[in-house]
Structure formats: structure tokens, C-alpha cells
Amino acid sequence: MTTLLTGLIVSQPAAVGANRADRTDASSFAPEMEFCAAQTNEYRASIGRPALVRSAVLEAYAAAAAPHDGSARKVHRYFRKTRGGGVAFAENQIPWWPLPRFGSVREIIRNGLAMMWAEGRGGGHYDNLAGQFTQVGCGVFVDRGKVTVVQAFR
């Protein structure tokens, strides 16, 4: 199975089990969003980069982007359409990964971020994770057993 990850950057201007119902309410993913930011900061710390601050504005943006792109099965569609919504300068996505295969949204985030980090310098995802940003927001969408995670950076 080919695993798809996508990263996009523009210029500057509580695990969830596989048996749990699909959810579209962003607030029901609070533990996963916290884990997403914490995991990102662990990677950043490993190279001496400062921690990103969780941003409610970016989380709201990512929470809107995840169902938009996850339902359409089109990566970065919302980001391109809204030009980052005036709040996000870059975005990473883990698009429609199968929940039954990983067992939880947390494991999808863990595995997705590990793959992004493994790209190393010059890889779009890695460069976003390790970049000069100061804030991050994560959004999660589950639809018919497929999980889409969006990270928005500024």
C-alpha cells in the first residue's frame, strides 16, 4: 500500500479507537490535536528548535481544512482556495489514512509525523516541521474509517 503525505508551503506575509464512530466535531479531537502539537515539538527539540505554540486560530483553520480536503479527497484544496485563510503560512497533511490499519487517530498522527520527519532537510514536510514558524494548529477529520490530519503553521 502506498502511503500519501503532502506538504505545502507558501511565502511568509486519549487515543481514538478504530471502533469509535466517525466524528466531524473538531472539539471531539482535542486530545489528538494536543498530541499532534506535542509530537511536533518533540521533533523540533531534537534539533534544538524552539517549541511551537498551539494557536486556537490555526486549530480552527486546520479543523475546517481537514473535512474540506478529506471529503473531497483533494490535498491542500482548502489551503489553496483560501490562501491559508489569512492565518496559515504553510500546511502539512496526512490524507485519508485508514483508521482500521492503525487502530487510532493518535497512531496515525504518530506514524504520519514520523514519515514527514524522516524526509530530512529539503523535504517539504520536514522543512515545515522544523521551520522558522512559531505557532501550529492541528485539525482532524474521520469519514467512513478514513482519517485526514491537517497541520497549519505560522
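Buried here means under 20% relative accessible area, exposed means over 50%, and partly exposed is anything in between, with a 1.4 Å probe and protein chains only. The model is predicted, so local features need pLDDT of at least 70 and side-chain atom pairs count only at pLDDT 80 or more, while totals for chains, interfaces and linings use all residues. Residues are numbered from 1 along each chain as its sequence is written, and side-chain values use heavy atoms, with hydrogens and water left out.

Helix H2 covers residues 56–72; helices (H or I, at least four residues) and strands (E, at least two) are DSSP runs numbered from the N terminus. Among the buried residues of H2 are Leu 58, Tyr 61, Ala 65 and Asp 69. The buried set packs against partners including helix H1 (30–45), helix H3 (77–82) and strand S3 (90–98), where contact is heavy atoms within 4.5 Å. Just past the end of H2, Arg 73 has a positive phi of about 55°.

His 68 also sits in H2, and at 22% relative accessibility it counts as partly exposed. Leaving aside residues up to four places away in sequence, His 68 touches Arg 77, Tyr 78 and Lys 81. Its C-alpha is 6.4 Å from that of Tyr 78, ten residues apart along the chain.

Over in H5, the buried residues include Val 105, Ile 109, Leu 113 and Trp 117. Viewed down the axis, the buried residues of H5 fall within an arc of 155° (taken from the directions from the helix axis to the C-beta atoms), so they line one face of the helix. Their cover includes H1, S3 and helix H6 (124–130). Just after H5, Gly 120 takes a positive phi of about 75°.
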